[in-house]
Amino acid sequence: MRVKFRGLTSPSFRSKVFLASFICIGIPVLLSLSIYSYLTRDAVEEQAMQNANKELDLTEENISRVLDDVMNASNFVQIDSELNTILKNKSNLRLEEFNKQSYSEYLEDRQVRKTIDNITLLGEKSYVTILLKNGKYYTNYSTAQYDPNSLYQEQWFNELQSLNGFESYWSSVEPTVLAYERSLSPYQFSVARTLRDSSQEIYGYVVVTLLETKVRDILNNTNQSEDIMLIDNDYKILSHKNQDLISQNADFVTKIDPKEGSQITELDNQKYVVTTKELSVNDWQLVSVIPYKAATSNINSIFSEVFILLAVSFAVFFIILAYLMNRITRPLRYLDRVVKKVQTGDLSIRSKVDSNDEIGEFSQSLNEMLDRVNIMIEEVNQTHKRKRKAELAMLQAQINPHFLFNVLNSIRMKVFKFGDKESASMIQSLSKLLRWTIDYKEDNIKFSDEINLVKDYVNVMNMRQKNKVELFINITPESSQQLVPRFLLQPLIENSIIHGLNQSSGTINIKAEISDDFFVIKVEDNGEGIDKERLNKLNQALLSEDSSKRSRSGFSSIGMTNVYERLQLSYLEKPQMIIDSKHDAGTTITIKIPLGGEKHVQGYVS
């Protein structure tokens, strides 16, 4: 049996229209968006790298300006002729002579300090230290915080000896030496130059120190999603938004192609836009690392807006389509409900769709068909009634049942009067059997009435034959109230007496009970039984839907076949009839009737 599920193998008309609309409109839209995303991917990456370059150019410009201020301060000290004259003269004095200097010399010292104070006022605040070979120094900060001669102990200070002319040396990042600045800016870096006389002999040094926070403030003003840092040529981090990363090595930069200013690469299994740019004032470089998603977020947002616009348009289209489809298919759904009511047997319902389209024509045709069906049913009923009356008239013409019952009753009374109680009982049983056969109008009776009918039948049979049959009844109260087709058991009892017991003495047991939603009836005898081969043929014939096979299978009487056919016609859920027998051990016929599956029988009678 093939079962079709609506909505899967057989969708509704409306579902088909929606599906067709999605295929024709939705799929092209999704396909267009996919192609657009694929074709614009390279452009998105190129735009992301250009944006990263622009951002880094602006940051480089700001940092270079700060570093240029530091360089300008060192340049001024190195190239100012008046200041250099004073410093050269001071470098020729011995250290103990400074305590005996004249007032003019005092004014010169004051002028030097004022000059280095002034050169740091125009740009970013920086700290200037001038060291002379004889130990004399000038600063624009309090020497109580830091002894300028400590610069000689720095590892990088020896590198100054190799500088020529206007060359400068940039120290790497190092801890801040001024205690009052250390809390806010724990790191600093410095640029140093040599002071030389006309013979290129070094007579002093100028060191300009910048606090790392000056650079970090610039880095913090960049995009929050951008990880930007300042590194030296050894890939050591000089400045970073995250203070904890300063002085660590940025090893990932070694994997970046230095020829490409901006590129997309993978770091820790994630895509990033990495951009590098060298500073103009020294060999340091800026490195920008932006997550790919963040770098393309603005461009992707445009794509998302386009996608949302298309999705909203598509949703509005489907809402309009759903509204129109509801208006169009409403008559169809109404007709579907009408047809389902017709399926339940309600032939009085009529469709009220009166439109001028194909649906209206179908509605009119359906109403005309129901009218014709009702007319045909009425004709069939009238024909059936006339046939029934004709049959009853024919039977009544043959014999008047009431006359026959009265005669039999009179004979029974006379026989009983003369003392022949056995014959009187036989006549009484025969009269009951005839009444059930001829006069009873109902096709279905209580099972308890069927048992009484069987008792009368066995009583008559015992009068006819010499050997008596004992009948044992074992039925539950609930089963006695079940309705069954009239004369259900009589053919089975007859078969047991004639064929099972072979008209000899024996016993017949009738059992009935309600078990697992089944009304179970068993008829057992202790007769000759049936051999295995013939028994298999009988049971196979009962399972067959072809009634002709049952007649050819070895059923010995029309009554047994009639019992099975009446069971099949009387119930919606087909009852089972099973024959179980062993040779010389008797036969058991089991009938299992599903509860609540009757066509005409109402089931349990209260």
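Visitor: What volume does the largest cavity have?
Guide: This is a predicted model. By the rule used here, it holds two cavities of 30 Å³ or more. The largest cavity has a volume of about 120 Å³.

Visitor: Which residues lie nearest the centre of the largest cavity?
Guide: The lining has 14 residues. They divide into eight nonpolar, four polar and two charged. Nearest the centre lie Tyr 146, Leu 151, Val 177, Gln 188 and Thr 209.

Visitor: Which elements give two or more residues to the lining of the largest cavity?
Guide: The lining of this cavity counts 14 residues. Elements that give two or more of them are strand 1 (127-132), strand 5 (187-196) and strand 6 (202-211).

Visitor: Which element gives the largest share of the largest nonpolar core?
Guide: That core has 39 residues, and Leu 67, Val 77, Leu 87 and Ile 130 touch the most other members. Elements that each supply at least two residues include helix 2 (41-79), helix 3 (81-91) and helix 4 (103-118), along with strand 1, strand 5 and strand 6. The largest share is eight residues, and it comes from helix 2.

Visitor: Which residues does Leu 87 touch, not counting those up to four places away in sequence?
Guide: Leu 87 is among the core members that touch the most others. Contact here means heavy atoms within 4.5 Å. With residues up to four places away set aside, Leu 87 touches Val 77, Val 112, Ile 130, Leu 132, Tyr 138, Leu 195 and Tyr 203.

Visitor: How many residues are in the second, separate core?
Guide: In soluble globular proteins, nonpolar side chains tend to be buried together. Here a second core stands separate and includes Ile 510, Phe 519, Leu 542 and Ile 579. Its residue count is 34.

Visitor: Is Gln 200 buried, partly exposed or exposed?
Guide: Gln 200 is found in the loop between strand 5 and strand 6. It has a positive phi of about 65°, although it is not a glycine. Buried means under 20% relative accessible area, and exposed means over 50%. The value for Gln 200 is 46%, so this residue is partly exposed.

Visitor: Where does Ser 247 lie?
Guide: Ser 247 is not a glycine, yet it has a positive phi of about 80°. Its relative accessible area is 33%, so Ser 247 is partly exposed. Ser 247 lies in the loop between strand 8 (237-240) and strand 9 (262-267).

Visitor: What share of the protein chain is buried?
Guide: The protein chain has 17 helices and 18 strands. It counts 606 residues. Buried residues make up 38%.

Definitions and conventions. Residues are numbered from 1 along each chain as its sequence is written. This is a predicted model: local features need pLDDT of at least 70, side-chain atom pairs count only at pLDDT 80 or more; totals for chains, interfaces and linings use all residues. Side-chain values use heavy atoms; hydrogens and water are left out. Helices (H or I, at least four residues) and strands (E, at least two) are DSSP runs, numbered from the N terminus. Buried means under 20% relative accessible area, exposed over 50%, partly exposed in between (1.4 Å probe, protein chains only). On a 1 Å grid over the protein atoms alone, a cavity is a set of points where a 1.4 Å probe fits but cannot get out, and a pocket is an open set with protein on both sides within 12 Å along at least five of seven lines; lining residues have an atom within 4 Å of a point. Grid points are joined across faces, edges and corners, and a volume is the space filled by probe spheres set on the points. Ala, Val, Leu, Ile, Met, Phe, Trp, Tyr, Cys and Pro count as nonpolar, Asp, Glu, Lys and Arg as charged, and the others, Gly among them, as polar. A nonpolar core is a set of buried Ala, Val, Leu, Ile, Met, Phe, Trp, Tyr and Cys residues joined through side-chain atoms within 4.5 Å.
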